[in-house]
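Colleague: Please show me the model. I would like to ask about a few side chains.

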Amino acid sequence: MSNTAIILAAGNGTRMKAEKSKLLLEICGKTVIERTVETFSKISDIDEIIVVIRENDLDAFETVLSKYDISYCFGGETRQQSVMNAVETIDDCDLLIIHDGARPLVTEEEISATIRKARETGAAAVGVTPKDTIKIVDENLQIVGTPDRSNLISIRTPQIFSFDLYKQAMEHAKEQGKDFTDDCRLVENLGKKVYAVLGEYTNIKITTPEDIPTAESILKMRGECQ
């Protein structure tokens, strides 16, 4: 079996308020993107890694990731288009593993567990049960409902799919003129089921400045940062 990982790193990261890509910021001496790629490069079930970047970031990423056996492609205007650009460079594979480059604290165990579930079901994504009570609000922020928390899960990445299934879902959305921000939703739109795998709360996304010290604290807790 041949499996390909797509690591999305083409976002603007405007909420980070940094002069460069947030994936080039350092956490405990390593850039965000290097920590992400390093973890995926350790997974024996992954045969190819494609990093999706902005064209003007190519030189910087090649410098940071020079020791890794990866390839690059340029992102599109949306997440779905960025994944599509990467998919179009793949001749064939069994599983497509899609991950946010801004989630550098994902563990090898989470990735491997999600791969196993995707092999079994064709579509799987890592997630966590919400700790907070979730409310539904209207346009005036008036609370109009409270879903049962036992039936909720906060989906993260990796999200992993049969390559053929994902391509079908991608073509179906394209025909409908739809563009989704979540790959699970893309596959659900085809009428297919996606299964959740419980992961770690520490698999946070680096989005705003306060996420950097939070990530450093998690790495210190793991003994990976002095």
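Colleague: Is Tyr166 buried or exposed?

Modeller: First, this is a predicted model, where local features need pLDDT of at least 70, side-chain atom pairs count only at pLDDT 80 or more, and totals for chains, interfaces and linings use all residues. Residues are numbered from 1 along each chain as its sequence is written, and side-chain values use heavy atoms, with hydrogens and water left out. Buried means under 20% relative accessible area, exposed over 50%, and partly exposed in between (1.4 Å probe, protein chains only). Tyr166 has 1% relative accessibility, so Tyr166 is buried.

Colleague: Which residue forms an aromatic pair with Tyr166?

Modeller: The structure holds one aromatic pair. Rings of Phe, Tyr and Trp (its six-membered ring) pair if their centres lie within 6.5 Å; planes under 30 degrees apart are stacked, over 60 edge-to-face, the rest tilted. Here the centres are 5.5 Å apart and the planes 40° apart, a tilted pair. The partner of Tyr166 is Phe161.

Colleague: Why does Phe161 count as buried?

Modeller: Look at the accessibility of Phe161. Phe161 counts as buried because its relative accessibility is 0%.

Colleague: Which side chain has a polar contact with the side chain of His99?

Modeller: His99 is in strand β6 (residues 95-100); strands (E, at least two residues) are DSSP runs, numbered from the N terminus. A polar contact is a pair of N or O atoms within 3.5 Å; within protein, one must be able to donate a hydrogen and the other to accept it, and residues adjacent in sequence count only if both atoms are side-chain atoms. At 2.8 Å, the side-chain partner of His99 is Thr157.

Note on methods:
Helix = DSSP H or I, 4+ residues; strand = E, 2+ residues; numbered from the N terminus.
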